[in-house]
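Hello,

Here is the structure I promised to pass on to you. Please open it and keep it beside you as you read.

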Amino acid sequence: MTKTLRYIKPYGGTVALGLILKFFGSVAELFLPLLLKWIIDGVAANEALNSDQKLRWTLIFGGLMLVCAAVALLGNIFANRLTVKSSGRMTHDLRYDLFKKTCYLNSAQVDGFGVPSLISRLTSDSYYVNQMVARTLRLGVRAPILILGGLILAFTQDAVLACVLLACVPLVGVTVFFITRKSIPVFFEVQRKQDEMVRRTQENVTGVRVIKALAKGEYEVGKFEDVTGDLAATEFRANRMMSLSNPLATLILNLGLVVLIAVGAACHSSSGTVLEFLQFFTIILNAMIALTKIFVVISRGSASASRIESVLDMDTAETIQNCPAGDSRYKIEFRDVSFSYNGVENNLNNVNFAICGGQTLGIIGATGSGKSTIINLLMHFYDVNSGQIFVDGRDVRNYPAAELRTKFGAAFQNDFLMAATVRENVDYGRNLSDEQINRAIDCAQAREFIDGLDGGLEFDLAQKANNLSGGQKQRLLIARALAASPEIIILDDSSSALDYATDAALRKALAREYASSAKVIVAQRISSVKHADLILVLDDGNVIGAGTHEQLLETCGEYKLIYTTQMGAGGEEY
Ligand SMILES: Nc1ncnc2c1ncn2[C@@H]1O[C@H](COP(=O)(O)OP(=O)(O)O)[C@@H](O)[C@H]1O
Ligand SMILES: [Mg+2]
């Protein structure tokens, strides 16, 4: 937790000022019972004073009480404002760093946490840390001052009655402590279930089209209800337990008051003293209850802080290795590459291939056969388990990430477009020239539809480009991949929503305009990869065929099967 708490340091001045104000406010509050007693015992019941004097002194003491109450109130209000300010800024800084760290996590680290869990760390966990800091600053000074100061003042007033008070304090403390301690694990459970709910929500929001298409709405709503219902039940359990503490504390308070009055009567204490102690009682026990609330927010906040810190502690520093060099004649070479995401079963087995600059590699295979995994490894999003991958004869592990990635222009499967203009989406912050952008748009066969948009390049895309069709989105993504004229162009299932004619025009333009770039084209359709210099046929992580279209028709039964099923009756691809 120390790492999280360090974020409060820059706001130390504001925090200190707030605490000082809190201190004076709390001390002023403690004077109220004393003044009350002086009015009752020292003025009202004082037979040496005449009625005029009594009125005057009552007004003086009453005025003092007003001043104390005002100091307590204003001190509290201003201190709380400062607290909210400093805890808010601290949370902002923490979230900023957490988000930045999240951006630099490598793919394996992201897989380790899971995206929903990263989201809840950025949202609810940082909120709990904020609550912890804010509440602790608000009550952490005030409550102990009120309890300690109240007890000390009580002892200076009447030792016997103060003992009654002293006896009640631990009683309330212990009761509330045990209730709180029991409810803390339940609060942790609440946090875990929140993760689960975020996961479900995210799945549903991103998969809303599929859910609709498959008419799975009701099914998903049902499952979501299970998760939220579960969360609500757990929250209810936690809060029910916590809500026991207030009535129990009040019960002890009231019992204490009865004892106090009885002891006061037995010891012939003055009515002013009894009233004064009633006030001490209320102040101290309320402070006790407040303290236990801090206990809850601290335990919840510290759990959140450690979840946040486990992300912040991730090592995102680049390690540039010194692996043996490969054959520099090749642009891309895979040498006996095996890989597993979970370390249990291999997602790729002994993959070997090589292509030169200007050549095209086609990858074809069923969903889940490992096509995108090859791309992930080539771009060094993950480390291979065995074997080596070379780009320009240099192992990808030997490259600084930025240097390696500038070689690539990639359009991934399910890639995203920003809610920005068409130009901004193609440029993607790289300050490309108009010429580069226009060339990429032409090649990606996106010219016609962009010209038809209101404002052309300046047309604003909606969130996730929902105001474009699937094929239009794909063409924009391809344009983005091409725009910087990369050495290696990667199109992962990018032509699936394009019609055959557009797909063919794209292929021709790629060969013409980006002749020197190596191209990796992942596709489900034979026609998209047919003209490649090398085609890999993948099945369950294994390369079951490699060669040109003609060679594969001869040597690879599966390839031939796909080809014949994708051919129309007249030998034309449909
Ligand atoms: N991040 C990941 N974590 C664990 N398994 C993954 C991950 N990404 C893909 N896989 C698994 O690896 C296999 C190959 O996936 P992928 O390369 O995406 O297939 P595709 O050929 O459809 O592109 C699949 O079984 C998939 O479930
Ligand atoms: Mg894929």
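Below are some notes on the ligand and on a pair of helices.

This is a predicted model, where local features need pLDDT of at least 70 and side-chain atom pairs count only at pLDDT 80 or more, while totals for chains, interfaces and linings use all residues. Residues are numbered from 1 along each chain as its sequence is written, chains are lettered from A and ligands numbered from 1 in the order in which they are written, and side-chain values use heavy atoms, with hydrogens and water left out.

Let's start with ligand 1. The residues around it include Asp111, Tyr341, Gly368, Lys371 and Tyr382 (near means that a heavy atom lies within 4 Å). Helix α12 (residues 371–378) gives the largest share of this shell, three residues; helices are DSSP runs of H or I with at least four residues, numbered from the N terminus.

(A polar contact here is a pair of N or O atoms within 3.5 Å.) On the side-chain side, a polar atom of tyrosine 382 lies 3.4 Å from a ligand nitrogen.

Now the helices. The axes of α9 (residues 217–243) and α10 (residues 245–266) are 5 Å apart, at an angle of about 5°. They are therefore roughly parallel (angles under 35 degrees count as such; axes are lines fitted to C-alpha atoms over the stretch in contact, with angles from 0 to 180 degrees between N-to-C directions).

Happy exploring!

Technical notes
Polar contact = N/O pair within 3.5 Å; in protein donor to acceptor, adjacent residues only side chain to side chain. Helix = DSSP H or I, 4+ residues; strand = E, 2+ residues; numbered from the N terminus. Parallel < 35°, antiparallel > 145°, perpendicular 65-115°, else oblique.
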